[in-house]
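Let's take a walk through this structure together, one piece at a time. Have the sequence and the 3D view ready.

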Amino acid sequence: MNPLISNRQALVNRDGIPIEQAKLLAEFHGPRLCCNSRPDEVGMCAWSSDGQYFAWSCGYRIVKIILWTKYRNWKNEKNATSRTLEFPGVIVIDAGEQVRSLCLGSKSVNGKRQTTERRRRDSFHLLVVDDVILVTGLGNGRIRMWDIKSGCLLGELIDHSACVCDLSFSPTGLLRLLSASVDGSLKLWDMEDDGNLQKTLCTRSKALFGCCWSPNGRMIASVGDYRSVLIWDVEHFRIIWDLVGHQHSVCKCSFSPDGALLATCSFDTCVIVWDVAGGVALQRLHHLLPPPSVIFAGGSNGSCVRCLSFSSDGSHLGTVCDDGFFRLWDLSNSKFPVQAASVDGVCCQFSPDGAVLAVGTLQGKVLMWNSAVQIPSLQHFCRLSIRRHFPLSTIDGLCLLPKRLQQFLRYDAF
């Protein structure tokens, strides 16, 4: 991605050195309604947990899916680019209504199939599907599940009373679906129990815009209007933290790969990186410099941050903003982004292995870039492993550790 100069801030790396252009791996286009029209914006995109499938919305109710590994093999065989040949393996699903959110779910973790002791029932088609399924959240409040190979409708979940803005499957391999809606509620669905509604969580917000699971499946986060950022305990369905720091509605959230951090993006031009254990803000990534006043940040400022995504190693964070730029941030030095590109992005998503970064645009394109980021230090990988497997209380109990090392493990120092 080329370093570009915004009319508000310089987008260069930390040393002021020009950044080499990242390689564009693929470019996919949405359907055109007529010869003179342009494709509708790509509002959301998602990878499957194993990184094989990629799905994106294009237009009012159309979702496209590709088998990414198959596309890479086809491209190598044909020695082709998306500009010259059309990949024949694109799966197209018409959801029937306006698609406002989507996700891909499977019963695998890191490519390994997960099994449960619960008896499978042939009465519900979803439970006999051994591959990835597509779930779409619709503008009318309904959630529909699709078999991506046949394009057939598997089932429909009906309980939300308004638009479903976000969907997320549990990362533990169990088909537990989390949904967030403009009706102000979070709902937890058990797909292995005929898609029955397991729990409804109500918040002070009139509208929820985003939700996500922690990597171990023990916590969920929700964001919405009235500056709402909540972290929930899944076992007892209680609020652990009500995080205060944004000046406007919050639209998306994402846990870091070790579950120690939560990143939230808002209409206030800022991304906040939170310490999940302590409930405090560790970093603020400003997309408008100098940072706007509270009144300007809480209004129409032209730099709303729409989406974010952690890299697989947790060292980088990608964001898309209404100012037309995609930014890549190095959390060890987050004063300025390390890379930026003018793409008019709407959504972004790192692949599970961190090798590919997908960005959906207002022009109806999906741009697939190679993830050209630096390899983190061995210290960072050690911290990632420790925080993934041990609670913070265990780390705080290691009194023999040097103070600086304890601060590093707590993310007090990046």
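Before we start, one term: two strands count as paired if DSSP finds at least two bridges between them. Keep in mind, too, that what you see is a predicted model.

With that in hand, look at strand 14, residues 185-190, which pairs with strand 15 in the antiparallel sense over 6 bridges. You can follow this pairing residue by residue: Leu188 sits opposite Lys199 in strand 15, and Ser185 has Cys202 of strand 15 as its bridge partner. Strands 14 and 15 make a hairpin, with 5 residues between them. In that turn you'll find Asp194, whose phi is positive, at about 60 degrees.

Now turn to the other neighbour. Strand 13, residues 176-181, also pairs with strand 14 in the antiparallel sense, here over 5 bridges. Leu188 shows up again, as the bridge partner of Leu178. Strands 13 and 14 form a hairpin as well, with 3 residues between them, and Gly184 in the turn has a positive phi of about 90 degrees.

Time to zoom out. These strands belong to an open sheet of 4 strands, in the order 12-13-14-15, with antiparallel pairing. Strand 12 (164-169) and strand 15 (196-202) are at the edges with a single partner strand each, so one side of each has no neighbour in the sheet. From one strand to the next, the twist averages 20 degrees.

So how enclosed is strand 14 by the rest of the structure? Largely, because 6 of its 6 residues are buried, meaning that each has under 20% relative accessible area. In a regular strand, side chains alternate between the two faces of the sheet. Here, Ser185, Lys187 and Trp189 point one way from strand 14, while Leu186, Leu188 and Asp190 point the other way, and all are buried.

Pro337 is in the loop between strand 26 (325-330) and strand 27 (339-342). Its relative accessibility is 1%, so Pro337 counts as buried. Gly318 is 19 residues from Pro337 in sequence, and their C-alpha atoms are 9.2 Å apart in space.

Our last stop is another loop, the one between strand 30 (365-370) and helix 3 (378-389), where you'll find Ile375. Is Ile375 buried or exposed? Ile375 is exposed, because its relative accessible area is 75%, and the cut-off for exposed is over 50%. Together with Leu378 and Phe381, Ile375 forms a nonpolar patch on the surface, with about 370 Å² of accessible area between the three residues.

Technical notes
Residues numbered from 1 in each chain as written. Predicted model: local features only at pLDDT ≥ 70, side-chain atom pairs only at ≥ 80, totals over all residues. Heavy atoms only, no water. Helix = DSSP H or I, 4+ residues; strand = E, 2+ residues; numbered from the N terminus. Axes fitted to C-alpha atoms, helices over the stretch in contact; angles between N-to-C directions. Patch = residues over 30% accessible without salt bridge, like charges linked within 9 Å, V, L, I, M, F, W, Y side chains within 5 Å. Areas by Shrake-Rupley, 256 points an atom, 1.4 Å probe, with all protein chains shown as cover. Salt bridge = Lys/Arg side-chain N within 4 Å of Asp/Glu carboxyl O. Buried < 20%, exposed > 50% of the residue type's maximum accessible area, 1.4 Å probe, protein only.
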